[in-house]
Amino acid sequence: MLASLEWLKQYVDINISVAELCDKITRVGLEVDTVEKLGEGLEGVVTGKVMEIHRHPDSDHLWVCMLDYGQGGEPVQILTGAQNVHQYDIVPVAVVGSVLPPSERNPQGLKLKKAKMRGLDSFGMLCSADELGIESKLLLPEQRNGIFILPENTPIGVDIKTVLGLDDTVIDIDLTSNRADCFSIIGLAREISAITGCPLKMPAMDVKEAAAGKASDYVNVKIDAPELCSRFATRVLKDIKIMPSPEWMQRRLRACGVRPISNVVDVTNYVMLELGQPMHAYDADKVAGHTLIVRRAEEGEKLVTLDGKERELTSAMITIGDAEKAAGLGGVMGGLLTEVTDETKNVILEAASFHGPSIRRTSRALGLRSEASGRFERGVDTIRDHDALNRAAHLLEQMGACETFSGIVEAYPEELQPAVITTTAAKINGRIGVNIVEDEMVAILTKLGFGVEAKDGELLITAPTWRRDIDCDADISEEIARMHGYDFIESHQPELTITQGSQSVLDDVKDDVQDYMVGAGLSEMMTYSFIKANAYDKMLLAADDARRNCIELLNPITDAFSVMRTTMVPSALQTASFNLRNHNNSVALFEIGRIFLPKALPLNEDPEERQLLTAVLSGSRKALNWCDDKGNVDFYDMKGIVEGLLEAMQVSDYTMTRSQQPYLHPGKSCDIVVNGEVIGSFGEVHPVVQENFELDQVTYVLEMAVEPLVASATAVPQYKHLPKFPSMSRDIAVVVPAEVTNAELEQVIRAHAGELLQGVRVFDIYTGKQVAAGCKSMAFNLTYQAADRTLTDAEVDASMKKVIAEVAEAYKAKLRD
């Protein structure tokens, strides 16, 4: 934020040095970045009038000028090669002894001496804007080349720094995003007033309203998108005269980095800098139906902006339209078709309050950044829209440039209410760590424009409308602390209760799982919690699968991360694919991460977050070595990891059943069931899914919930004494239909073998000539043992007989010889 010191002094008396002022501003939270003294290095240059001008007798490009520069003597002779100088022009004159600052033409600066040019003496020089130290971007195109021609009513013999405002000091303040109230001269003056105690003087805003008729007879306004525009107000100006703005206004605009253009444009910019309210001017006769409508742009709608470029708009952008077309891009830039030109007769002035985030997104999408959009992004004072319109009309009336119709025409759907905060002096002191009396707090807040009512030991504080960043008592504490002075707050050790650090039981279990997976030879990966929306299609999830109900991101970092994941499988497969594409042909990775399950869409409460373990295996089982097996990982490698993990977590009561997950191979996958609940799935990736994720070799994936492991993992281990009596084992081979699974047979065996059975293990599965078609032979080893005696053959035979009978009955099984 650039602020002219001369401009600030119009509204608050500053009776301290610039250095002291900058120090005080910085101490209350408005950091001064730089201080620039305009015209530094420029000395002795005054205004002069060209009384005579004729060509040099020995040159076809030099002119001989006789200048009156207000010294009361004879005109001084100065030669120039500029071609834009004419008799009676008022120009900057550097006479002998004058000093010019560094410029593009004279990088080291210049002290004027008498010179001789083609036989004639020159006692100085006429100056261009560059030689005076004025940036070309702050000038009109016709002012950038040649001598800087001053207005014809400029007095002569006056220091050029006074005439052009080059005796001013510009303070550059680095504002934080929450201090939108200081993004204006009045806002800074208000802050300085509170710091110094000098009263604030507001600018004149009275309007004569001399034009016959009411503004409402000439313009109609409407807001069709109240979520994007809280207020839209207009004034109508009649018989506008387009002319240059006064030199004093141009000086202030240039000091703040804005190029003067014409009186109407300059006034809107001036009011924006002065009051912090961006404005726009429309040629009223080019607004169809004399109607302005704030609406969302239509998707693909075209608008030619003031810079002459055609913009393609989206429905997220704010458009000011008339009865037929888009007339401007709300809060960013006006439209070319309704631009104020030299032929304009009537003007509609607009002051509005737009939704900051929408303005920011529009500016970024179109690559359009402006002083106006920067202010709307931070937020403007909706209540002050009328002040901006009245101030602009006052300034134009003061120039004799128009007459104003009576009244303001506006749309204001919902009146903005200021924030009201209740707190106490004790609470504020406790937060800051000081002992400020209540009266001082009231005085500080009153100086800052807050309304304060002390009642029954409480402070009822009404925030001013320009302080949109104030919404709680912590903000009030900050205001009091910074104005009281941070230097006066004593530092002391905080009183803290020291507690032993710890982490949750779930985190302890996660650490154990990580330790096991690393010990099993897997490396940990870390992936984003966001995935691409088409990942669910690549996983072959059904259209009604609950995992498709994912949270879409409003502002994703890329299209590849557009939704929050409801499963970690896509992240694991994508990482495996990346490794394989980069010639890492042996993949063994795992991750413990979160998924996000919304309770309803669109979101109206925080989603449920669950911790999952995912792992992916592919390629060689071991690093290539001449003496080791060169085989690739298979289903049983993943199954072994799962069984080992469950054993390490003390999960014993679990089963594995055939999985129905669409992304897994239907014949090479399992669900993990604990206490009747499926807590995870693993297996070979479905061939179609493998192709969708560009996996060029067979890959195996695991996804399992971590929370169900907590109960068993934290249980106290139970130890058993070593058995005193020997065990007995028997083998049984049965022929059963091919679709019967090992788990089903094992369940029947355990259910009927009795309490002496200690273990069941399948050790052979055979299909071939000796087995009927559609059947298979399965061989089991059964282990029996008693804790109090040595078992007899009769006891074991009785159990085996019962097992054989039950298996035969359940599955029409036959004993295999």
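Leaving aside its neighbours within four places in sequence, which residues is Arg231 in contact with? They are Ile223, Ala351, Ala352, Ser353, Thr382, Ile383, Asp385, His386, Glu410, Ala411 and Tyr412. Contact here means heavy atoms within 4.5 Å.

## About the model

This is a predicted model, in which local features need pLDDT of at least 70, side-chain atom pairs count only at pLDDT 80 or more, and totals for chains, interfaces and linings use all residues. Residues are numbered from 1 along each chain as its sequence is written, and side-chain values use heavy atoms, with hydrogens and water left out.

## Arg231 in strand E13

Arg231 sits in strand E13, residues 229-238. Helices (H or I, at least four residues) and strands (E, at least two) are DSSP runs, numbered from the N terminus. With a relative accessible area of 6%, Arg231 is buried. Buried means under 20% relative accessible area, exposed means over 50%, and partly exposed lies in between (1.4 Å probe, protein chains only).

The side chain of Arg231 also makes a polar contact with the side chain of His386, at 3.2 Å. A polar contact is a pair of N or O atoms within 3.5 Å; within protein, one must be able to donate a hydrogen and the other to accept it, and residues adjacent in sequence count only if both atoms are side-chain atoms.

## Helix H4

Helix H4 covers residues 185-196. The expected span of a helix is 1.5 Å times one less than its number of residues. For the twelve residues of H4 that gives 16 Å, and the end C-alpha atoms are 16 Å apart, which agrees.

H4 is mostly covered, with ten of its twelve residues buried. Among them are Ile185, Ile186, Leu188, Arg190 and Glu191. Ser184 caps the N-terminal end: one of its side-chain oxygens lies 3.0 Å from the backbone nitrogen of Gly187. Just after the helix, Gly197 takes a positive phi of about 85°.

## Arg254 and Glu247

Arg254 belongs to helix H5, residues 247-255. Its relative accessibility is 8%, so Arg254 counts as buried. Glu247 is buried too. The two form a salt bridge, with the closest N and O atoms 2.9 Å apart. A salt bridge is a side-chain nitrogen of Lys or Arg within 4 Å of a carboxyl oxygen of Asp or Glu.

Leaving aside neighbours within four places in sequence, Arg254 is in contact with Ile134, Leu138, Leu139, Leu164, Glu247 and Pro260.

## Other salt bridges

How many salt bridges does a search of the whole structure find? The search finds 47. Side chains of opposite charge can pair when their charged atoms come close. Arg384 and Asp387 meet in one of these bridges, at 3.2 Å from N to O. Arg384 is partly exposed, at 33% relative accessibility.

Another bridge joins Asp797 and Arg730, whose closest N and O atoms are 2.3 Å apart. Asp797 lies in helix H20 (residues 793-811) and Arg730 in strand E36 (residues 728-737), so the pair ties together parts that are 67 residues apart in sequence. Both partners are partly exposed: Asp797 has a relative accessible area of 39%, and Arg730 has 21%.

Salt bridges can also link up. Arg179, Asp181, Glu191, Arg467, Asp469, Glu479 and Arg482 are linked in a network of them. Glu191 is also one of the buried residues of H4.

Lys161 lies in helix H3, residues 160-164. At 15% relative accessibility, Lys161 is buried. Gly39 is 122 residues away along the chain, yet the two C-alpha atoms are separated by 6.4 Å. Leaving aside neighbours within four places in sequence, the contacts of Lys161 are Gly39, Leu42, Glu43, Leu166 and Asp167.

Asp471 is placed in the loop between strand E26 (458-462) and helix H12 (473-484). Asp471 is exposed, with a relative accessible area of 58%. Asp471 and Lys208 are 263 residues apart in sequence, and their C-alpha atoms are 38 Å apart in space.
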